[in-house]
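Visitor: Hi, I've got a structure open and would like to walk through it with you. Could we begin with a pocket and then move on to a helix?

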Amino acid sequence: MAAAIAALQEPGRTFQGGGTYQMAAGMATASPRYDTTPRKMGNGQAVANGQTQTQVLRQSRGVGNGPQVRSTNEQLEVLCGPLLNYRRMSGEHTDTPVWHGSVLLVTAPGQIPERLSLRYVGSLGVNSAMNGHAVSLDRNFPGTKLYEDPGKAFWQFDVEAPFQEYESAWEYSVPRMTSAKRDRPQLGRPTRFYIPSKHESMRIMFHSCNGFSVGTDEEAWSGPALWNDVVRVHAQRPFHVMIGGSDQIYNDNVRVTGPLKPWTDIGNPEKRRQYPFNEDMRAKCDEFYFNNYTRWYSAEPFASANGQIPQLNIWDDHDIIDAFGSYTDHFMRCSVFRGIGGVAHKYYMLFQHHIPPPISTFTTDAAQTMHERGADSVQLRDTYVLTQRVEDPSYIIGEKPGPYVEERSRSIYTQLGKRIAFLGLDARTERTRHQINYPETYDLVFRRTSQQLAASKGEIKHLILLLGVPIAYPRLQWLETILQSPIIGPIRFLNQRFGVAGGFFNQFDGGVDLLDDLDDHYTAHQHKKERSILVKRLQALAKEHSVRISILGGDVHLAAMGRFYSNPKLAIPAERDWRYMANIISSAITNKPPPQAVANLLARRNKIHHLDHDTDETLLELFNEDPGHGLPGVKPKSGEANHATMPSRNYAIICESHSHTDGAAMTNGANGHATTNGNANSITSPFPTPKNPREPLHIGEQDAGTGHPAASGIVRTGLAGKDGLDVTIMVEIDPSDREGHTQGYGFSVPGLESRAYEGQGEKW
């Protein structure tokens with residue numbers, strides 16, 4: 001960092017992509033290559049470089065003076081981006097809803113972007129004559145500087161657009177953009193994204209585990225190949241939002257090849273706990289996390305998807321470091337873990353949420369950073385951080401900082417079009433080995449969600465809950481018991497003295513390496529009570545508001561579909577069962593899957609579990625055959641008896657199974673499937689309750705897999721009631737295929753009509 005500052009203090013010094021910079025404080029320098037003379041706006045406000053008065057006002061609401069350099073490059077040198085995010089809807093219960101999102105650019109310092117231009121392209125699937133508007137919908141949006149230091153600047157553009165009668169296409173661009181590395185010639189072209197009809201909900205793409213674990217041969221797994229498939233499917237039928245279910249980036253190398261390696265190499269766990277996280281280490285970790293983000297978020301084809309499909313992200317451990325929060329408490333409280341938690345949080349805020357970070361992160365050099373919002377003058381040297389900013393209403397912010405990250409949790413509630421709401425639970429900031437979230441945070445989240453559902457007056461039919469880690473998943477408590485038993489003691493002693501079973505124990509606290517992963521699971525023994533309370537509160541929410549809840553989970557590097565449902569003895573059809581909640585498990589889109597033997601073991605552990613007397617849970621036997629079955633050279637992914645877990649890279653597609661535009665809500669079922677009544681979620685003929693609940697529980701699960709109408713991920717099925725959802729898990733066929741072709745496995749989730757039993761007393 002010091003070297004970078006020194007370099008920038010030399011007038012005309014070449015930096016990054018070859019542009020030159022001059023000091024903004026009146027130093028004698030070479031003449032700039034574009035005009036920086038202040039111009040007068042109509043109200044007398046002086047601005048430079050095309051900067052507007054709004055930009056000047058926004059940039060003044062911060063702390064620090066920044067690096068005091070000014071670019072002389074005629075082009076806007078982009079280090080990373082553009083990255084497109086979705087935030088929320090306004091006027092969502094009116095006839096004129098508005099889409100709100102943001103675009104992020106990371107540029108070389110000392111530059112000021114011109115306004116972002118948003119252009120309405122037209123509506124999809126209708127006659128072009130219907131696309132005309134008496135008033136132009138095109139808009140320009142100023143940039144806001146979130147953060148700047150001698151190496152980079154983060155610029156965010158708030159973007160909004162009105163929902164239209166039909167699905168609409170929009171293009172955005174920022175003038176003069178060029179890649180700082182000169183490796184993205186297409187960067188200056190307008191980027192297109194799509195907004196659904198105001199009568200429809202969003203078409204969702206869900207992914208998790210978007211990176212590689214330490215030591216993985218990335219070339220052997222064709223890199224991030226499945227993003228080619230995402231872009232390919234998006235071109236056929238656009239996605240409106242891309243939900244990042246956690247681990248959008250893997251930062252684990254910070255301890256292997258990065259600045260934490262000397263600390264990790266310390267053999268004595270006690271000395272590791274006492275190791276300081278001083279300013280020098282913070283600066284090195286800051287550089288590592290920034291470089292890792294820019295490398296990964298600029299890598300194709302992931303970068304292309306980032307710019308054209310609006311993202312909506314929640315973090316987990318790998319966004320910080322593997323198993324952060326799940327090691328022993330006395331070790332998690334050490335300075336190094338608290339320090340990297342702060343640095344990771346900084347870039348999580350900037351890259352994944354497009355909001356400014358705290359003004360300082362934790363170091364042992366500055367005592368004031370040991371508490372939330374403490375400022376460190378050393379970190380603010382030659383640095384600017386935006387501070388006076390109103391939080392976006394989509395965030396639900398925890399009441400107190402996490403135990404190991406000096407920040408408050410940041411969950412998200414937002415609406416995804418007409419009938420689908422989204423709740424993303426930040427399950428990492430407050431996590432410890434024995435707790436996932438504070439009880440107060442659950443109260444905040446459920447209060448906010450219940451208020452929003454009530455305000456919709458029944459319009460919201462489906463709530464998608466993102467937990468990151470699966471919650472309806474096979475138990476491995478027998479393995480936890482073994483790994484925590486006294487028989488491990490002698491093996492640990494031999495490991496510490498002689499290195500025996502080195503790969504069996506982690507390099508942080510000397511604990512069993514697999515145990516921290518098991519501790520992350522909702523099904524872990526210590527999370528059992530918290531899990532049960534969460535599920536029952538979700539059931540009560542679904543019952544009260546008659547809204548179907550489906551849960552997204554990743555983390556486990558395989559695909560599956562778990563579900564909670566009412567005990568068959570109650571004879572409640574799924575369409576009326578507020579306890580029925582599908583847990584869509586999609587992981588990983590990039591990381592390698594577990595060995596086939598592990599997936600088969602989990603499938604054998606797919607018992608019928610009883611949450612309580614009235615609620616059961618198990619995995620659906622979704623995978624009727626391996627992807628690419630019968631194709632030459634394609635190897636089997638799982639055992640012949642395993643139809644519940646799929647150890648192959650994958651992502652998921654979720655969308656409404658009926659069209660609600662032009663009265664098309666009466667769409668019929670596909671491929672000869674029986675249908676539910678198009679006017680409600682009630683059943684025209686009862687679905688037989690299976691003896692084995694691993695088999696279909698309702699019409700939408702019938703023929704689940706490659707033969708299901710939803711398997712293509714493109715066509716609406718019309719199944720499971722007019723408020724039902726189609727779900728497709730797109731599974732990689734061949735990991736050596738750099739184009740990432742997939743095979744789809746489909747099922748549908750019915751809408752909910754919970755009040756059908758309201759008159760039946762205690763049973764309801």
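Visitor: Which element gives the most to the lining of the second largest pocket?
Guide: That's β12, with 3 residues. Keep in mind that this is a predicted model.

Visitor: And what is the volume of that second largest pocket?
Guide: About 690 Å³. Of the 35 residues lining the pocket, the closest to its centre are Ile355, Arg389, Val390, Glu391 and Asp392.

Visitor: Which other elements give two or more residues to the lining?
Guide: Among them are the strands β7 (76-90) and β8 (98-107), and the helix α9 (335-353).

Visitor: How does the lining split by class?
Guide: There are 14 nonpolar, 6 polar and 15 charged residues.

Visitor: Switching to α9, what does it reach from its first C-alpha to its last?
Guide: α9 has 19 residues and reaches 26 Å, close to the 27 Å expected at 1.5 Å a residue. Just after α9, histidine 354 takes a positive phi of about 60 degrees.

Visitor: Is α9 mostly covered or open?
Guide: Mostly covered: 19 of its 19 residues are buried.

Visitor: What does arginine 338 touch, leaving out residues up to four places away in sequence?
Guide: Met332, Arg333, Phe362, Met370, Tyr404 and Glu406. As for phenylalanine 362, its C-alpha is separated from that of arginine 338 by 6.8 Å, with the two residues 24 apart along the chain.

Note on methods:
Residues are numbered from 1 along each chain as its sequence is written. This is a predicted model: local features need pLDDT of at least 70, side-chain atom pairs count only at pLDDT 80 or more; totals for chains, interfaces and linings use all residues. Side-chain values use heavy atoms; hydrogens and water are left out. On a 1 Å grid over the protein atoms alone, a cavity is a set of points where a 1.4 Å probe fits but cannot get out, and a pocket is an open set with protein on both sides within 12 Å along at least five of seven lines; lining residues have an atom within 4 Å of a point. Grid points are joined across faces, edges and corners, and a volume is the space filled by probe spheres set on the points. Helices (H or I, at least four residues) and strands (E, at least two) are DSSP runs, numbered from the N terminus. Ala, Val, Leu, Ile, Met, Phe, Trp, Tyr, Cys and Pro count as nonpolar, Asp, Glu, Lys and Arg as charged, and the others, Gly among them, as polar. The expected span of a helix is 1.5 Å times one less than its number of residues. Buried means under 20% relative accessible area, exposed over 50%, partly exposed in between (1.4 Å probe, protein chains only). Contact means heavy atoms within 4.5 Å.
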